[in-house]
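Here are my notes for a colleague who is meeting this structure without any background. Please have the sequence and the model open while reading.

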Amino acid sequence: MLKINNLHVKLEEEDKQILKGVDLEVPAGKVHAIMGPNGSGKSTLSYVLSGRDGYEVTEGDATLDGEELLDMEPEERAAAGLFLAFQYPVEIPGVGNMTFLRTAVNAQRKARGEEEMSAADFLKFIRAKAKDLKIDADMLKRPVNVGFSGGEKKRNEILQMAMLEPKMCILDETDSGLDVDAMKLVSEGVNALRDEGRSFLVITHYQRLLDHIKPDVVHIMAAGRIVKSGGPELALEVEHNGYADILAEIDA
Amino acid sequence: MAGLDELNVKEGVEEETVEAVKSLAGTYKYGWETEIEMEYAPKGVNPDIVRLISEKNDEPEWMTEWRLEAFARWEKLDEPSWALLNYPEIDFQDQYYYARPKSMEEKPKSLDEVDPKLLATYEKLGIPLKEQMILAGVEGAEDMPAEGRKVAVDAVFDSVSVGTTFQSELKKAGVIFCSISEAIKEHPELVKKYLGSVVPVSDNYYATLNSAVFSDGSFVYIPPNTRCPMELSTYFRINAENTGQFERTLIIADKGSYVSYLEGCTAPQRDTAQLHAAVVEIIVEEDAEVKYSTVQNWFPGDENGKGGIYNFVTKRADCRGDRSKVMWTQVETGSAVTWKYPSCILRGAESQGEFYSIAITNNYQQADTGTKMVHLGRDTKSRIVSKGISAGKAQNTYRGLVSMHPKAKNSRNYTQCDSLLIGDKCGAHTVPYIEVKNNSSRVEHEATTSKVDEEQMFYCRQRGMDEEEAVALIVNGFAKEVLQALPMEFAMEAQQLVAISLEGSVG
Ligand SMILES: Nc1ncnc2c1ncn2[C@@H]1O[C@H](COP(=O)(O)OP(=O)(O)OP(=O)(O)O)[C@@H](O)[C@H]1O
Ligand SMILES: [Mg+2]
């Protein structure tokens, strides 16, 4: 599914190298988690994969199902099935949540040469998904993320993911700011989408989320590189001991 | 644009040129021309032309005199230059002031007699001149619920009104809805009483010219305590080349009445600029309410700034009666140059004026637009919401006057004026004039200027929208408050228009 090969990325504006040779492979149907200290480059990786401006790839590449990701426009990557749940979801004043999602769903369908979803079908679809995530009708009508609480914004990201049915889902700290119940809802939302044909890359600081969304592999990122990979037990180790031991091990 | 799809590439014509034309035509959907035999008055303007227009309209002597006085006045005036607009000098003698389809020589007695070519023109514009449940001006109306509303249409083609729908049904309610040329003949007492009473002949350069040479337009009278049974609309189409359109609209809402009026306008795309100078006068009596909505979509010129309509418009409402109310809503997407300040004279006690505006300028378009709220009566209220959007190399100016006279005690104004910039070659300017001459009134003014946010763009694109879709969505959100003030059918059209007029503004 997703293959990242020796990815080096610097900032476009200044001479600052952020990713320094990331290698990562997430096979179809798998859930991989990335943990790592603040500022290690986790969000940067998610932005570069989804095509945000401001970064320059100096070496390496990334493919989604064999297709070169880094040459595509952001919307082409989305249509190819890449989804990013933002660490900081963006507010769009005046644009209803539902209008936004309908425009997005139909834009992707159009890009894939599929027929647009009718208003009636869309409504049925979004109501069902919103109900699962306990998102009420009012929130669907309100402008995208405007005035949403931190937890509501995160749930809204998962709603979008459920509606767009991507094949590669990147979740950047979707668990931050969620209360215990919301964490369960979001995890259930993610688990409901788990499927042979769909993969997840879950960026998180906490084991808690991984109790609900059981990862197949856990990676540790530090200073712009994946420094260690292992099973779910690696997350527990971080939870108990922090990163010091792992980082010391690498430096040695 | 089916016509262009069939376009054969002539040998020697560069593929590139063809592509350019194609893409342009796709952008402005109403740029085609109706081929129809026309008759013109000789080029230029002078007392003989003024008399000729009056004669063509079969007008009584008093009207001719009124026009001639206006013309004499106009000759002594200079074109104003205070607006932030920059355009080549207009040669007022190098235009036609009267153009009418030959088939309109005998005024058709009913819609059935109207030249099929003209009917087809409006059909193609999405304004079928039939008396049926239609949704005026809305494309894709077939997707909408079946409970379509009735909208009466007066269709003006170059210098003449070609027909007005639902006249007999409106008559039953006592409503008069006809072309102004018809009103001058059929209802001279009303026209005499009100014409020029809101926008005097001496008002300004373009209004004075209009008073001399206006050829047609719409007339509305709503009798006391009558709610107009349907929405009224006028659709202006400029078709002929080198021809100015000078229309005159007069709306009278008598005591306790209500009407919602819509105005739409389009023109073929040409590489020479064309002049449009209209005057709209609205009289609102005691407890009456008028909503006036415009979607202005004149040809804006091409992406290099060639051609387009020069739009100089004077629109004013006089809230004469106590508790009278007027609401102007405008979506200005077209024209190369827009000079337009729909205004409210709040004369009656507790009268209210509202102005909601979206002005979009792209490429080389220029707009200097806004409103005047003149508070004369006590306890009057006004509200201004202006959303200016500039892209390309366009310039967009909001110019607004709020004036509280000494007798306008306890009056209120709220102004919100937001500008959005797309790219860094365009400009937005806000020019508020505020005069408060009593100490119990309050004026509030808020203004913001922002750029289309990169984060918002990326968020939309990550969800699958291309840049143009993303900009259109964000801009529609920015302008939401104004779009909501439009009648539903217009709001849908306006949203699509926002998207279309911003095409090519990013990337
Ligand atoms: N536009 C930018 N300008 C300057 N520095 C930047 C920019 N973008 C990222 N960085 C820097 O790159 C490094 C990696 O940032 P990134 O947001 O990817 O970290 P992260 O691993 O997601 O951290 P966190 O766990 O705190 O979310 C940080 O040091 C950050 O300050
Ligand atoms: Mg981060």
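This is a predicted model: local features need pLDDT of at least 70, side-chain atom pairs count only at pLDDT 80 or more; totals for chains, interfaces and linings use all residues.

1. Residues are numbered from 1 along each chain as its sequence is written, chains are lettered from A and ligands numbered from 1 in the order in which they are written, and side-chain values use heavy atoms, with hydrogens and water left out.

2. The contact (heavy atoms within 4.5 Å) draws 33 residues from chain A and 19 residues from chain B. Between them the two chains bury about 2,100 Å², of which 60% is on carbon and sulfur atoms; buried area here is the accessible area (1.4 Å probe) that two parts lose on being put together, summed over both. On the side of chain A, the residues that lose the most area to chain B are A:Glu75, A:Phe86 and A:Val90, which together make up 25% of what that side buries.

3. Four salt bridges are found across the interface of chain A and chain B, a salt bridge being a side-chain nitrogen of Lys or Arg within 4 Å of a carboxyl oxygen of Asp or Glu. In a salt bridge between B:Arg463 and A:Glu157, the closest N and O atoms are 2.6 Å apart.

4. Which element gives the largest share of the side of chain A that touches chain B? That element is α3(A), with seven residues, where helices are DSSP runs of H or I with at least four residues, strands are runs of E with at least two, and both are numbered from the N terminus.

5. A:Asn97 has its place in helix α3 of chain A. Is A:Asn97 buried or exposed? A:Asn97 counts as buried because its relative accessibility is 1%, and buried means under 20% relative accessible area, exposed over 50% and partly exposed in between (1.4 Å probe, protein chains only). Leaving aside neighbours within four places in sequence, A:Asn97 is in contact with residues including A:Met139, A:Phe148 and A:Asn156.

6. Chain A also holds an open sheet of four strands in the order β2-β1-β4-β5, with antiparallel pairing; two strands pair if DSSP finds at least two bridges between them. The edge strands, β2 (17-26) and β5 (67-68) of chain A, each pair on one side only. Strand β1 (residues 2-11) and strand β4 (residues 55-64) of chain A run antiparallel and are joined by eight bridges, and A:Lys3 stands opposite A:Thr63 in β4(A).
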